[in-house]
Structures are given as C-alpha cells and as structure tokens.
Amino acid sequence: MRIYGDSISGNCLKVRWVAEYLGRSFDWIETDILKGESRTLEFLALNPAGQVPLVILDDGRPLAQSNAIILHLAEGSGFIPTDAYDRARMLEWMFWEQYSHEPYVAVARFQVRYAGKPVSELEPRLVERGKGALQRLEDGLGLSPFLVGEAVSLADVALVAYTRVAHEGGFDLGDYPAVAAWVKRVEAALKIT
C-alpha cells in the first residue's frame, strides 16, 4: 500500500496513525501541498481532485478522502464499534468533523502557521466557528472518556488530528479542559508523540 500525504496535514496524519496502529505495511510518499505536488499531472492522474491523502491499495485501487480511507483501513477492527447505533454515532462525529470542525480549526491553523497571518487578522467568523467547534467537542466529552463511549474509535482519530494543534491557529485548549484531557487520552491510545 502507498500513502500519499503531507506530514503537515492532520487529514494525512490520521491515515498514517490508523495504518501504523493496525500494523498495516505501507510506503509513505511525502507530497508537499505547499509546493503544489498534489497538482502535478502525475498526481492528478491518480487523484483528479488533486488532494492528499491518497491511498493506493495493495491491489492498485486508489482511495481518497481521509475519513473514507481510515474507515476502509479499520474495517473489522476495534476502531469501529460493533453496535449499530454506536457506529452511527462514530460516523456522525466524522461527518461533523469535515463539515463543522476542520473548515475552521484547520483553516485558522493553516493561515497562522503556514501563511503567516497574525491571529488578530483572522476572519472573526472563522475564529467564532472554530471556538464553537471546540465547545461542541467539550460538551460531547462530558459523558464519556472518548467520543463514542469507553474506547477510542475513528471519531476520536478524525477529530484529534487538528484539535491537538488548534493552538497553532490561535485557539487555547486551556479554555476546553475536557478536550485537552481527551487529546492526551487519544494520543496515548494511538501512541502519537
């Protein structure tokens, strides 16, 4: 299996973390998005969307979109709850992550850390929505140690990727103590350093 990914991307790292945790053999192909390496003709032939992560499975089939990839890799593992309702709750968090968390927390991080924009110049709506996403996580973690109960699931993997580096976008996890504690639990469970 080949994983095309950029190590600065939480979406790419979550694929790497799941593959490593599950002991899947893979070749990591560093694909620098800041240099446009996902927009070359060679890459676009593999993924016309021009995005990483991209996995080329052992049988040669390509698969894109981080949450689709981790769901495929984790099939049959403990990352996916066996109870149908809990599995649906996991998916609920994963869909929410891409629609209501990543577009704010990750975008603020990118603008500050990689585009050099001062936090004070971030669009207020971006900051407001990022804080709202972190508060939603804070509230959701009031009931259990992980997002879907007592064990780490793909929901945790999906959401920890950018939450753990939210401070790089100007968000203070000290304002969200349940989230900060959860990040440490997920990192420990996945052996992320």
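Select Gln65 to begin: it sits in the loop between strand 4 (62-64) and helix 3. Helices here are DSSP runs of H or I with at least four residues, strands are runs of E with at least two, and both are numbered from the N terminus. The model is predicted, so local features need pLDDT of at least 70 and side-chain atom pairs count only at pLDDT 80 or more, while totals for chains, interfaces and linings use all residues. Residues are numbered from 1 along each chain as its sequence is written, and side-chain values use heavy atoms, with hydrogens and water left out.

**Stop 1: Gln65**

Check the backbone of Gln65. Its phi is near 75°, a positive value in a residue other than glycine. Most residues other than glycine have a negative phi, and most peptide bonds are trans. Gln65 counts as partly exposed because its relative accessibility is 42%. The classes are buried (under 20% relative accessible area), exposed (over 50%) and partly exposed in between, with a 1.4 Å probe and protein chains only.

**Stop 2: the whole chain**

Zoom out. The protein has seven helices and four strands. Their order along the sequence is β-α-β-α-β-β-α-α-α-α-α. The C-alpha trace spans about 45 × 45 × 25 Å along its principal axes.

Colour by burial next. Buried residues make up 48% of the 193 residues. Now turn to contacts, meaning heavy atoms within 4.5 Å. Among those between residues at least 6 apart in sequence, 66% join residues at least 24 apart.

**Stop 3: helix 6**

Select residues 154-163, which form helix 6. How many residues of helix 6 are buried? The count is 10 of the 10, so helix 6 is largely enclosed by the rest of the structure. Among the buried residues are Leu154, Asp156, Tyr162 and Thr163. Show the surroundings as well. The buried residues of helix 6 pack against helix 1, helix 3 (66-73), helix 4, helix 5 (124-140) and helix 7.

**Stop 4**

Switch to charged side chains. Side chains of opposite charge can pair when their charged atoms come close. A salt bridge here is a side-chain nitrogen of Lys or Arg within 4 Å of a carboxyl oxygen of Asp or Glu.

Pick Lys14 and Glu97. Their side chains form a salt bridge, 3.1 Å from N to O. Lys14 is in helix 1 (residues 10-21) and Glu97 in helix 4 (residues 84-114), so the pair links distant parts of the chain, 83 residues apart. Are the two partners buried or exposed? Lys14 counts as buried, at 0% relative accessibility. Glu97 is buried too, with a relative accessible area of 1%.

**Stop 5**

Glu20 is partly exposed at 44% relative accessibility. Arg16 is also partly exposed, with a relative accessible area of 24%.

Move to Glu187 and Arg164. The closest N and O atoms of this salt bridge are 2.9 Å apart. Glu187 lies in helix 7 (residues 177-190) and Arg164 in the loop between helix 6 and helix 7, so the pair ties together parts that are 23 residues apart in sequence. Both residues are buried.

Then select Arg109, Arg113 and Glu168. A network of salt bridges links these residues.

**Stop 6: Val152**

Select Val152, in the loop between helix 5 and helix 6. At 13% relative accessibility, Val152 counts as buried. Leaving aside neighbours within four places in sequence, Val152 contacts Gly78, Phe79, Phe146, Val186 and Ala189. Draw a distance to Val52. The two C-alpha atoms are separated by 24 Å, and the residues are 100 apart along the chain.

**Stop 7: Val52 to Pro53**

Stay at Val52. The peptide bond from Val52 to Pro53 is cis, with omega near 5°. Pro53 is in the loop between helix 2 (41-46) and strand 3 (54-56).

**Last stop: Lys191**

Finish in the segment after helix 7, where Lys191 is found. Lys191 has a positive phi of about 60° although it is not a glycine. With a relative accessible area of 68%, Lys191 is exposed.
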